[in-house]
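Good morning. I will take you through one protein model, starting with the overall picture and then moving to a few selected places.

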Amino acid sequence: MKPSHAKLLPTKNSSHTPMATVSLRPRAILAAFLSITCVLSLGVDVPTIAAIPAAAAKDKKPKQDPALKGLPIKELTVDEAILHAMNRLAYGPRPGDLERVRQMGLAKWIDQQLAPNSIDDKAVNARLENLPTLSMSSARLIEGYPQPKQAAVQAAKRVDAAANSNQQQLNNGRAANAKDLQNAADASVTTAPPAPPSSSAAVGQSAQSNSPEVNVADKASVPASMKTKPSASNPEVAANLTTPGAGKRNGLSGPDPNAVPRVIADDSKKPQRVIEELAMAKVTRAIYSERQLQQVMDDFWFNHFNVYAAKGEDKWYLTSYERDVIQPHTLGKFKDLVTATAESPAMLFYLDNFLSADPNAAQRQAALRAMRQNRGRRGRPPLPQAPQNQQPKKNTRGLNENYGRELMELHTLGVEGGYTQKDVTELARCFTGWTIDKPRVNPQFKFDEKLHDPDQKIVLKKKIHGGGMKDGEQAIELLAKHPSTAKFISTKLARRFVSDNPPAPLVARMAKTFESSDGDIRAVMHTMIYSPEFWSRDAYRAKIKTPFELVVSAVRALGTDVDTAMPLVQWVGRIGEPLYQCQPPTGYADTAEAWVNTGVLLNRLNFSLTLAGNKVRGARADVGSLLGVDATEPKVALERALQIFLSGQASPTTLETLQKQLDSPQVLQAKLDDPVKKVDLGVVTGLVLGAPEFQRR
């Protein structure tokens, strides 16, 4: 059987719907019927179902329900408003969530989400206890989950150390015997010189004990990319240093999502285990955390300050990066978030700023050493100086502009923020000396004064000359307070939470809040959520779910009990969004065009059928209890599924497509001539979860 695929072919009459030629497994063949519907319905325009209630809304203006008190909601019903909030500020509702929020009041639920520390989240923390790497420091991860070659070297060192210890004990015994013999000789011949040790092993041991072992450790703490500078003769090294994301993808999006990765099955101590546990934790939190907005914001900011896991040492740095840098600042001050990312070893390594140094630093240090030497000669002639035109050494570090460019273009001002290439260079000079101390032993941020450019810089026509590390801090403050940053960040937030093309007046109000609150992210979010534009009919179901959002929202909608999140992680990758595997610093796109195409939609539909049919390893849902209908009534089952998962809102095209499948052998668990036909509720539910309306949020 060939793998599933689909290709749209035009019909003779171009005005008709394109037809799909599909080769699928039998259970997945139902997905083909919906794929055309999805392709046509999942565009960038507002869904057709949005126009149906809108007409009625114009004629009737009912009094606002108490559940919506305090919110500027005029175009959505109570159920629509709550569903909209949970699809945008959370990863979709779980069974019973809509009624729970209705009882407590939507505004109260929103305010709680904006203050995540007020929400008890012990339950999800208990689910994460079986992922030990989450609480480890980068130093412990490097030691406990080394590269295979590095692990072999460490094992060899341990063997050598044990052998050396045994040899030392043997040598000590021989030395004691020799001393006893010498003492006896001294007693009889007091003028005889002491005999030197004759053991060659003792000589070897002595030589080894005098070797600078600390230097060996220092060499081991330096990544390979720091030991070799890129050059035209060594382009591979150059790529590792200068290309964001240069590296090897791990197995988070394998061909069979139910297959157990070897590092999990074997309880391996390979570094891939670190990233896989990080991905499983991300999925688990998104499914079970009561602090839903916190999880959505964590995903947003990690994507904004993206770091690629497969680039070198970042595989060990990412756990601390997300835990200690991103998560604590998701609703805090934007300047603090930028500063934390700038000082993070993960970002320093990913964008190569740990290598950036003043090109004149080596020459300046040499001049200082010469001055100190001459100062101590007390009037004697000075030592000869090296020629000024001497060629610099090949391994001399220089200015790296990667971080300076991305800090302006992606993190703060935006590509249209009004900066120039000269500003990029000047900003890069501000961050010279921001590096990593002991990157392969105990990676910590370090400011190295010797590598810093001490001269004045001019960024965005502003003088920066705080001296030392203050140059970078002043630059961050300048960028964080710039009007272009307020507009750029507000636009990205509105694009994520409102629509692909957010209304300009809303962005302007959010930017004004950003500036007046000194970049308070929580205040900006409050302005957005309490705006009429957020609750408009145009914004309702106007966003396409990313693969991560789809997988998590489907699991939540079914009330699925998840024992292991790894298969879900692999499904996210299979649909097109491998977690922590986005190579460019732009992060994953947040617009419909990036996620809508025939092949991806078939994977989405196949996932929905697989999940609802309890075919995902480690995930179990009770679809029968959830629907609560007689399994012999396919039409009733479909209506119930539409009500539960789509609030009864589906386009005529979707309804017609779904109803045609009710007589399919895949839906009816019986032969065509059987008098009693039992409905496969899992297939019905999977088809509804695969419908275009559920693909939207």
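**Overall picture**

The protein has 33 helices and eight strands. Please keep in mind that this is a predicted model. There are 697 residues in the protein, and buried ones make up 49% of them. The exposed surface comes to about 33400 Å², with carbon and sulfur atoms supplying 54% of it.

**Salt bridges**

Side chains of opposite charge can pair when their charged atoms come close. How many salt bridges does the structure hold? The count is 26.

D561 sits in strand β7, residues 561–562, while R127 sits in helix α6, residues 122–127; the pair links distant parts of the chain, 434 residues apart. Are these two buried, exposed or partly exposed? D561 has a relative accessible area of 38%, so it counts as partly exposed. R127 has 35% relative accessibility, and therefore it is partly exposed too.

Next come R440 and E313, a salt bridge whose closest N and O atoms are 3.1 Å apart. R440 is in the loop between β3 (434–437) and β4 (444–447), and E313 is in the loop between α15 and α16 (314–326), so this bridge ties together parts that are 127 residues apart in sequence. Both residues, R440 and E313, are buried.

Then there are K543 and D500, where the closest N and O atoms of the salt bridge are 2.7 Å apart. Again the pair links distant parts of the chain, 43 residues apart: K543 belongs to the loop between α25 (521–529) and α26 (547–558), and D500 to the loop between α23 (483–497) and α24 (504–516). K543 and D500 are both buried.

**Cysteines**

A disulfide is a covalent bond between the sulfur atoms of two cysteines. This structure holds zero disulfides. C430 has a relative accessible area of 0%, so it is buried. C582, at 7% relative accessibility, is also counted as buried, because the cut-off for buried is under 20%.

**Two histidines**

H84 is part of helix α3, residues 78–88. Its relative accessible area is 1%, so H84 is buried. What does the side chain of H84 reach? It reaches the backbone oxygen of F534, at 2.8 Å. Leaving out residues up to four places away in sequence, H84 touches L76, F534, W535, A539 and Y540.

H304 is in helix α15, residues 292–304. With 2% relative accessibility, H304 is buried as well. Its side chain makes a polar contact of 3.1 Å with the side chain of K492. Apart from neighbours within four places in sequence, H304 is in contact with L410, H411, F488, I489, K492 and P585.

**A hairpin**

Now back to β3 and β4. These strands run antiparallel and are joined by four bridges. W434 stands opposite F447, which is in β4. The hairpin has six residues between the strands, and K438 takes a positive phi there, near 50°.

**A buried helix**

The last stop is helix α27, residues 566–575. Why can we call α27 largely enclosed by the rest of the structure? Because nine of its ten residues are buried. The buried residues are M566, P567, L568, V569, Q570, W571, V572, G573 and I575. They pack against α14 (272–288), α26, β7 and α28 (598–612). After α27 comes G576, with a positive phi near 135°.

That is where I stop. Thank you.

Methods: Residues are numbered from 1 along each chain as its sequence is written. This is a predicted model: local features need pLDDT of at least 70, side-chain atom pairs count only at pLDDT 80 or more; totals for chains, interfaces and linings use all residues. Side-chain values use heavy atoms; hydrogens and water are left out. Buried means under 20% relative accessible area, exposed over 50%, partly exposed in between (1.4 Å probe, protein chains only). A polar contact is a pair of N or O atoms within 3.5 Å; within protein, one must be able to donate a hydrogen and the other to accept it, and residues adjacent in sequence count only if both atoms are side-chain atoms. Contact means heavy atoms within 4.5 Å. A salt bridge is a side-chain nitrogen of Lys or Arg within 4 Å of a carboxyl oxygen of Asp or Glu. A disulfide is a pair of cysteine sulfur atoms within 2.5 Å. Two strands pair if DSSP finds at least two bridges between them. Accessible areas come from the Shrake-Rupley method with a 1.4 Å probe; for residues, only the protein chains shown count as cover.
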